[in-house]
Amino acid sequence: MNIIVPIKQVPDLVEELEIDSSGKDLDREWLKFKVNEYDDHALEEALLLKEEFGGTVTAIALDGNDIDKALYAAAAKGADKVVKVTGLDAHVSNHQAARALANVIQGMGADLVFTGVQSVEDRDGQLGVLLAHYLNMPHISVVTGVTVAGSNVVVKKEYSGGIYAEFEAATPIVLGIQAARETPRYVPVAKVRRAMSSTEMEEVSAGDVSVSAGSSVSRMFKPVSGGKAEMLSGSAEDVAGKLVEIIKSKS
Amino acid sequence: MANNIFVIAEHLNGKVEDITYEMLGKAKELAASAGGEAVAVLLGSGAKGLAGDFAAGKVLYVDSPQLAEFNPEAYCKTIASLVNSHAPKAVLVGNTSQGMDIAAGLSIDCGLPLIAYASDLSAGNVTSQLYGGKMNVESAVEGDRFIASVLAGAFPTDAGKGSGAAVEDVPAPDLSGLKIKFKQLHEPEGGDVDITASDVLVSVGRGIQNEENLEIVQEFADKLGAALSCSRPIVDNKWLPKTRQVGKSGLKVKPKVYIAIGISGAPEHIEGMKDAECIIAINTDANAPIFDFAHYGTTEDLFDVVPAMTGKL
Ligand SMILES: Cc1cc2nc3c(=O)[nH]c(=O)nc-3n(C[C@H](O)[C@H](O)[C@H](O)COP(=O)(O)OP(=O)(O)OC[C@H]3O[C@@H](n4cnc5c(N)ncnc54)[C@H](O)[C@@H]3O)c2cc1C
Ligand SMILES: Nc1ncnc2c1ncn2[C@@H]1O[C@H](COP(=O)(O)O)[C@@H](O)[C@H]1O
């Protein structure tokens with residue numbers, strides 16, 4: 001199987017998020033980025049399939065937001081090829097990002113495309129589903145396990161409450177991975193550094209991306225809720241004492 | 001037709017999901033101001049009866065053996081053909097496991113803008129919750145038609161329930177040659193602990209850092225006589241079984257007291273616990289969205305507060 005894994009850098013939510021002067025976007029000057037956690041799962045599932053059934057794994061990403069590091073990390077984990085798509089602004093809509101990736105993936109002879117199921121900033125739709133429709137491939141999202149059966153794949157899709165559905169699908173297909181069967185592998189920094197010097201990153205132009213999301217952000221704001229929590233003050237001991245009292249009185 | 005609001009009804013295992021009623025209630029409101037009606041779109045096989053309590057102006061029902069169970073490909077094709085032929089003003093789809101397979105595809109196949117993670121909707125203005133609940137954005141739509149994927153729990157169910165909506169049978173489009181085949185539905189295996197039955201839940205998130213540290217919260221839960229539940233990453237790391245997961249893809253819980261420890265409060269987690277009677281949050285990040293839902297909170301380090309609480313029990 002020839003598996004393509006699109007990966008994306010997203011703002012690390014542990015950092016404080018600020019709004020820029022336009023009032024419509026995050027202030028990106030000091031933002032720290034990290035790989036979307038579901039992309040780690042997508043890559044893991046792809047590598048597991050490759051180990052079991054053979055094939056190749058290609059990580060692909062749009063340029064920007066410190067992406068080289070993420071692509072080299074994918075190579076260090078076992079991706080055979082890494083591709084960077086150039087010529088686009090890093091803040092294009094997901095419709096345009098999907099169009100660009102579709103332009104490039106179209107000629108790659110993919111059997112499977114594994115995206116992360118979603119990211120924290122896909123306002124105009126999950127890229128995986130958009131990509132599938134541009135590629136004219138079927139799509140299943142919220143996937144928690146993939147196995148190969150001949151030229152087909154058997155796919156687990158998760159619902160709520162621990163219920164999941166099993167589908168059998170012909171390839172090629174795009175799958176939005178929620179969780180790999182195994183915890184994503186860890187790769188030490190030294191190995192990523194080695195990958196940086198031993199991996200050849202392919203750069204490909206995005207091509208024609210004249211599609212539109214059909215909407216734009218008019219305002220970004222921090223949520224204000226009516227019932228903000230009553231914050232307890234004092235030392236950890238004091239707070240612990242108050243919390244124990246509250247728990248006892250409410251239960 | 002052009003002023004109608006479509007709601008894509010969702011069902012699993014022969015039961016209509018709450019999101020359907022939540023969206024129907026909102027759709028009625030939007031339709032009233034647009035001068036149209038709320039139209040529920042129901043797909044299934046022998047499932048017409050599910051529409052019995054839909055508060056809709058009309059129900060469009062498509063029956064086919066291929067639609068008996070949710071199938072991303074068959075559902076996308078069928079719904080896209082309905083949206084294209086009826087040209088509603090807006091289409092509401094649940095931001096659920098099923099809806100996530102429908103909404104973005106519709107956007108392409110019907111050439112309509114999609115606004116995802118909608119937590120509020122009015123004509124031409126949609127609010128989305130992004131960045132794990134840390135930021136909201138309002139979107140302006142070009143033209144006046146759009147698709148929104150709606151967060152579960154954003155609107156009440158009551159307004160979407162009623163009786164007597166007329167059901168119109170619509171023939172299914174050609175669904176031969178599907179590349180995706182539904183095989184079967186798997187029910188969850190019973191767990192050691194039923195977290196939905198516990199009056200008090202001690203719930204742990206990624207803030208606990210590693211598997212060994214779970215002992216700290218387990219000991220607290222034991223002393224308190226509470227069950228231990230968790231957020232999704234704890235399950236994905238295989239530190240606790242799936243049966244302990246609270247949220248969108250886990251279980252919905254309504255305990256008297258829910259103690260969220262090192263949990264940020266992403267929308268997918270909030271969906272599962274926001275109806276708890278008393279929510280307590282322990283999180284070092286004062287901006288964590290969990291504090292918008294909690295009744296009591298502290299930004300003290302969990303590694304200080306939790307052992308201290310255990311010591312007082
Ligand atoms: C389709 C889908 C379904 C999903 N379903 C679910 C679901 O059912 N349930 C669910 O929970 N998630 C679900 N998620 C995932 C969800 O989006 C979040 O990623 C997840 O809830 C985050 O878990 P968390 O809060 O434990 O981790 P994080 O978001 O990483 O938060 C950890 C928190 O711990 C705090 N912290 C760190 N150290 C300390 C300390 N020493 N003391 C106190 N606090 C500390 C941090 O400030 C942070 O706020 C789903 C996602 C998708 C895409
Ligand atoms: N700019 C991008 N480059 C490569 N892949 C992307 C990009 N944006 C989104 N993706 C893929 O689509 C998935 C879902 O992201 P999103 O559409 O932002 O929810 C991600 O996990 C990636 O697999």
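This is a predicted model: local features need pLDDT of at least 70, side-chain atom pairs count only at pLDDT 80 or more; totals for chains, interfaces and linings use all residues.
Colleague: Which backbone atoms lie by oxygen atoms of ligand 2, and how far off?

Modeller: A polar backbone atom of A:Leu127 is 2.5 Å from a ligand oxygen, and a backbone N or O of A:Pro6 sits 2.6 Å from one. Both values are within 3.5 Å, so these are polar contacts too.

Colleague: How much of ligand 2 does the protein cover?

Modeller: On its own, ligand 2 has 480 Å² of accessible area, and the protein covers 96% of that. Its shell holds 18 residues, and strand E4 of chain A gives the most, with three.

Colleague: What makes E12(A) and E11(B) edge strands?

Modeller: They belong to an open sheet of 10 strands with mixed pairing. E12 (215-221) of chain A and E11 (166-170) of chain B each pair on one side only, so they are the edges.

Colleague: And how do you know that E5(B) really pairs with E11(B)?

Modeller: Pairing takes at least two bridges. E5(B), residues 58-63, has five to E11(B), running parallel, so the two strands pair. One of the links is B:Lys58, whose bridge partner in E11(B) is B:Ala166.

Notes:
Residues are numbered from 1 along each chain as its sequence is written. Chains are lettered from A and ligands numbered from 1 in the order in which they are written. Side-chain values use heavy atoms; hydrogens and water are left out. A residue is near a molecule or strand if one of its heavy atoms lies within 4 Å of it. A polar contact is a pair of N or O atoms within 3.5 Å; within protein, one must be able to donate a hydrogen and the other to accept it, and residues adjacent in sequence count only if both atoms are side-chain atoms. Accessible areas come from the Shrake-Rupley method with a 1.4 Å probe; for residues, only the protein chains shown count as cover. Helices (H or I, at least four residues) and strands (E, at least two) are DSSP runs, numbered from the N terminus.
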